[in-house]
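Please open the model in your viewer and keep the selection panel at hand.

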Amino acid sequence: MSPLLLALTLLAAPGRVTPAPTDEAGNMRALLAELIAVDTTNPPGNEAAAAHVAARWLREAGIDSQRVEIAPGRVHLVARLPGTGAARPVLVLAHVDTVPADRSEWASDPWTLTERDGFLYGRGVQDNKGMVAASILALRRLHRSGTPRSRDVVLVLSADEEVGAQAGIDKLLERRPELREAEFALNEGGLTELTADRRRVRFVNLQAAERVSRQVVLKATGPGGHSSVPPPTPSPLVRLAAAVARVGALTFPPRLTPVTRLNVEGRVKVTPGEVDQALQRLVAQPDAPPPEAVDTLARLDPALAAVLRTTCVPTVFHAGTRPNVIPATAEATLNCRLLPDDDVQQVRARIVEAVADPDIQVEMNMKPLDSPASPVGDNAMFRAATAAAAHVWPGAPLFPRMSTGTTESTALRRVGIHAYGIDPFALTPEDARTAHAPNERIPVASLQPGAEFVHRLLVELVK
């Protein structure tokens, strides 16, 4: 399908958007191309170069910005549009760093915004430079409108999100404590889902919670030796491999949190087929989710199934130095994603039980969890997002979600800011899976509606 035909199809279907002025459409494409062209692979990041581009676009609209340099080249950009002070500020957050891209795995240059077969390709077009561009243009439009604002709008283009330990949002909050005064934050992490035929937006999700990422390290030790003399008892490598297999098969009981309950209730109204039948069973038994319904979702919609329980997945294995040496140590890392209100002690106990080897050390950060969900009742953010979605995609319902991955919203929630995530660009599940992958893409027809959604949401929120 050609880009023009795809755009006309979306505009003629339920969920169509009123087109923005042509110059705004051109601005979005041009700014996104500039941002994609700046290689901000993290590490090393090089966010300073992207901040320079953003600052120029803001300055051209008469908006001042400040660079907050945490380390050489690791720059956060902050810009503020003042309001009347009738309400507390809102942060608009988007990160400019990206994961790596191997040119040999791409059909086009990852650092050149490329249109092909109705899609825009480039590293960061989804995660998260598309939102960076939409946020900059939304701020420009708000400023030029001259309409009084009830609250300050603070744009934060952040560094080091993909790694986060050295120069991320926590460091920025230390340097700029006044950012903690915000009532709300608008960030990545939501979902705007296109139907498979790309004719309409099925639903819009506002991220209000996310699972907590915890690393677990398993360590086995033993005498080691020469490979020509097998030991009388299993070596550390063999014991650890068996333990990793057992933990890999471990499943935690499914449970609906308040956020996922609302998500399931929203999805059941707009989801067809076998998935809908599984969702109906969850809605009928929310306090004791039927395992067979969860198993169906795991097969047909793994991302949705993932947020219904805590998960632990083996990701790294280290053992051995030479083919003829039995290693004396073996180590494996598991990445666990805990539901926000899970008991970390109980999770560790389940892992130890699955390891089933008292001589294998189980190391886990036991610091109490602190990733509270943002409120999902009737508040200004939900009202604004609902109104914006109705304007851009009429008929598409909006409801909350828990994201599978971790975003900077976790740090914001820890300091008392009610953070919410959006995905401004309507994607099919197939499109969404290209984030962090070769040939990352968004549909051309989703670009301008996404920019309009960010703008309309902020217009509603500052009334």
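Two strands are said to pair if DSSP finds at least two bridges between them. Helices (H or I, at least four residues) and strands (E, at least two) are DSSP runs, numbered from the N terminus. The model is predicted, so local features need pLDDT of at least 70 and side-chain atom pairs count only at pLDDT 80 or more, while totals for chains, interfaces and linings use all residues. Residues are numbered from 1 along each chain as its sequence is written, and side-chain values use heavy atoms, with hydrogens and water left out.

**First stop: a sheet of three strands**

Select β4, β5 and β18, which form an open sheet in the order β4-β5-β18 with antiparallel pairing. At the edges lie β4 (114–116) and β18 (441–443), each of which pairs on one side only. From one strand to the next, the twist averages 30°; axes are lines fitted to C-alpha atoms, for helices over the stretch in contact, and angles run from 0 to 180 degrees between N-to-C directions.

Now display strand β5 (residues 119–121), which three bridges join to β18. Which residue of β18 stands opposite Tyr121? It is Arg441.

**Second stop: a sheet of four strands**

Select β12, β14, β10 and β15: this open sheet has the order β12-β14-β10-β15, and its pairing is antiparallel. The edge strands, β12 (311–319) and β15 (361–364), each pair on one side only. Here the twist averages 20° from one strand to the next.

How many bridges join β12 to strand β14 (residues 329–338)? There are eight, and the two strands run antiparallel. Ala319 has Ala330 in β14 as its bridge partner.

**Last stop: a residue of helix α6**

Select Leu237, found in helix α6 (residues 236–248). Is Leu237 buried or partly exposed? Leu237 is partly exposed, with a relative accessible area of 32%; buried means under 20%, exposed over 50%, and partly exposed in between (1.4 Å probe, protein chains only).
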